[in-house]
Amino acid sequence: MKKKMKLGLSMRYLGYHLGSWRHPEVLPDGSSVFECFLDVVKTAENAKFDMVFLADGIGIRSNDEPRGSLARSRQNVELEPLTLLSALAPLTKNIGLVATASTTYNEPYHIARKYGSIDQISGGRAGWNIVTSWSDQEAWNFNRSEHLNYETRYERAEEFVDVVTGLWDSWDADSFVHDKNSGIFYDEEKMHVLGHVGKHFSVRGPLSVRRSPQGRPILVQAGTSEIGQRIAAQHSDVVFAAKQDLEDAQKYYSSVKSRMRDFGRHADDLLIMVGLTAIVGRTRQEAQDKLHQLESLIDPLVGLSLLYRSFGDLSHLPLDGPVPLPREGHAGLQSSARLYYDLAQKNGWSIRQLYKKIGMAQEHKTVVGTAEDVVDEMEAWVEAGAADGFNVTPTHLPHGINDFVEFVVPELRRRGRFRTEYEGRTLRENLGVPTPASRYA
Ligand SMILES: Cc1cc2nc3c(=O)[nH]c(=O)nc-3n(C[C@H](O)[C@H](O)[C@H](O)COP(=O)(O)O)c2cc1C
C-alpha cells in the first residue's frame with residue numbers, strides 16, 4: 001500500500017511571501033483579523049488537514065535595516081498564537097492546533113498549563129512547537145540586553161521540556177473519581193508531585209490541569225543542530241524541516257530517525273514534515289504568471305532586509321550584481337546564510353534574484369506548476385525517505401490554501417496519498433503517533 005502523507009498548514013502573517021500584503025486580492029491587515037484565520041482554518045479542516053501551525057517570534061525582529069524597510073514590512077503586527085488558537089478551538093472539530101512558544105522567555109509551568117488547557121478545550125488537538133528564540137530584539141522585550149548564548153539556551157530548553165512533560169504527567173487518566181457520596185474528588189494514588197530541582201528550574205507541581213485527552217499534547221521541533229536533533233529524537237512527535245534539496249533532506253531524515261533508538265523510540269513514532277510552498281495553476285503557464293506577479297510585489301528595501309541578517313547591509317551594492325559572502329552571525333542563523341549563498345552561487349543569481357526567490361517562502365521548498373507537478377515532487381520526497389508529510393507554507397492566504405485544496409488535494413487523493421476522512425478524534429490519533437507512557441506508569 002502507498003504511504004499516506006500528513007499535511008499541515010502554516011499560517012503566520014497569512015502567508016510567507018514578503019510582499020503578500022500588497023497582493024491585489026489580499027486583505028492587507030488580515031494578520032490582525034480573526035475571521036481571516038478562521039476562514040483558512042475551516043478550509044484546511046474541510047480538506048482534512050492534520051493541523052494548522054503558527055510560527056512565532058516574541059517581538060519585531062528587525063532594527064529597520066536598511067532604513068525604511070520596516071515601514072514597508074507586514075511583519076509588524078499579528079495575533080498572539082495561543083490566544084488565536086483558543087478562539088479557533090471551539091469553532092473547529094478535528095484539525096490539530098499547533099503554536100510556537102519559546103523556552104527562553106517562558107516558564108515551564110506556564111507552558112504546561114496553557115497548552116494543557118487548549119488541549120482540554122479542543123478535545124485533544126493541541127500541539128507545542130518548541131523553540132529557543134534567536135534574536136536580540138526578543139531579548140530586549142524580556143529584561144535582557146542580548147539573547148542568551150546558544151549552549152545556555154539549549155541546555156535550558158532540554159530541562160524545560162523535561163519539566164513540561166513531567167507536569168503533564170501530574171494526573172493519571174483516571175485520577176478523578178468525583179464520588180459525590182464519599183466526597184472524594186480524586187484518588188490520591190493517582191496524583192503525582194513532580195518535585196523538579198535542576199540547574200535552571202525549580203518546579204514542585206502538580207499541574208492544575210487534568211491529563212490530556214491525547215495523553216499529552218503533540219510536541220513539534222524544528223532544530224537542525226546536534227542538540228536540536230537530539231531533543232527531537234528524544235521527545236518530539238513531529239519535526240518541521242526547511243529543506244530544498246532532496247539529498248540533504250534524506251540525510252537529515254535518517255539522522256534524526258536513527259537517533260531515536262537511543263531513547264527507546266521507533267522511527268515511526270516521529271513524523272518529519274517538510275515546509276512546502278506550492279504555486280499551482282491549471283497550466284504551468286498560469287502557475288508561472290502567479291509567480292511573476294508575486295515577485296513583482298517585493299519592495300527592494302524589504303528584499304534587502306531579508307538578506308540583512310545573513311549578509312549585512314547590501315544597499316550600497318548593485319541589485320543586479322553578484323551576491324557577496326555571508327557575514328559571521330548568530331550560530332542558529334548560519335545555516336540559512338550558507339543556504340542562501342549556495343543557492344545564489346549554484347543558480348548564478350544576482351542580489352535582486354536572490355531576494356525575489358527567497359522572499360517567496362524563505363527557506364522552504366517551492367514548487368511552481370500544475371497539481372501533477374506538485375504531487376510528483378511530494379511523492380518523490382516521501383518515496384525517497386526524505387519526508388513523512390508536508391507543512392504547507394503558502395505565499396499568501398486565503399489563496400494559497402484555496403488553490404492547494406482545489407488542485408493538489410484531489411490529485412493526492414487520486415493517487416491514494418491523502419485521507420478522505422479523519423481517522424480519529426485527537427491530533428495524536430490522526431497523526432498516528434503513539435501516546436508516550438506516563439513517567440509514573
Ligand atoms: C522550519 C523552521 C521553523 C521555525 N520556526 C520558528 C519559530 O516559529 N520561532 C522561532 O523562534 N524559531 C523558529 N525556528 C528556529 C529554530 O527553532 C531554531 O532556533 C533554528 O532552526 C536553529 O536551530 P538549530 O540551532 O537546532 O540549528 C524555526 C526553524 C525552522 C527550520
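Student: What is the secondary structure of the protein?
Tutor: In this predicted model, the protein has 14 helices and 13 strands.

Student: Why is it described as being as compact as a globular protein of that length?
Tutor: The radius of gyration of the protein is 22 Å, close to the 22 Å given by the globule rule for 441 residues, so the protein is as compact as a globular protein of that length.

Student: And what does the C-alpha trace span along its principal axes?
Tutor: The span is about 80 × 55 × 40 Å.

Student: How many of the residues are buried?
Tutor: Of the 441 residues in the protein, 55% are buried. The accessible surface comes to about 19,000 Å², and carbon and sulfur atoms account for 49% of that surface.

Student: Turning to the ligand, which residues are closest?
Tutor: The closest are D56, R61, Y150, T224 and S225, among 17 residues that surround the ligand.

Student: What is the make-up of that shell by class?
Tutor: The shell around the ligand holds 7 nonpolar, 8 polar and 2 charged residues.

Student: Where does the side chain of S225 lie relative to the ligand?
Tutor: An N or O atom in the S225 side chain is 2.6 Å from an oxygen atom of the ligand. For R61, a polar side-chain atom lies 2.8 Å from a ligand oxygen atom, and for Y154 the distance from a side-chain N or O atom to a ligand oxygen atom is 3.2 Å.

Student: How much of the ligand does the protein bury?
Tutor: The protein buries 86% of the 620 Å² that the ligand exposes when taken alone.

Notes:
Residues are numbered from 1 along each chain as its sequence is written. This is a predicted model: local features need pLDDT of at least 70, side-chain atom pairs count only at pLDDT 80 or more; totals for chains, interfaces and linings use all residues. Side-chain values use heavy atoms; hydrogens and water are left out. A residue is near a molecule or strand if one of its heavy atoms lies within 4 Å of it. A polar contact is a pair of N or O atoms within 3.5 Å; within protein, one must be able to donate a hydrogen and the other to accept it, and residues adjacent in sequence count only if both atoms are side-chain atoms. Accessible areas come from the Shrake-Rupley method with a 1.4 Å probe; for residues, only the protein chains shown count as cover. Ala, Val, Leu, Ile, Met, Phe, Trp, Tyr, Cys and Pro count as nonpolar, Asp, Glu, Lys and Arg as charged, and the others, Gly among them, as polar. Helices (H or I, at least four residues) and strands (E, at least two) are DSSP runs, numbered from the N terminus. The radius of gyration is taken over C-alpha atoms; the globule rule is 2.2 Å times the number of residues to the power 0.38. Buried means under 20% relative accessible area, exposed over 50%, partly exposed in between (1.4 Å probe, protein chains only).
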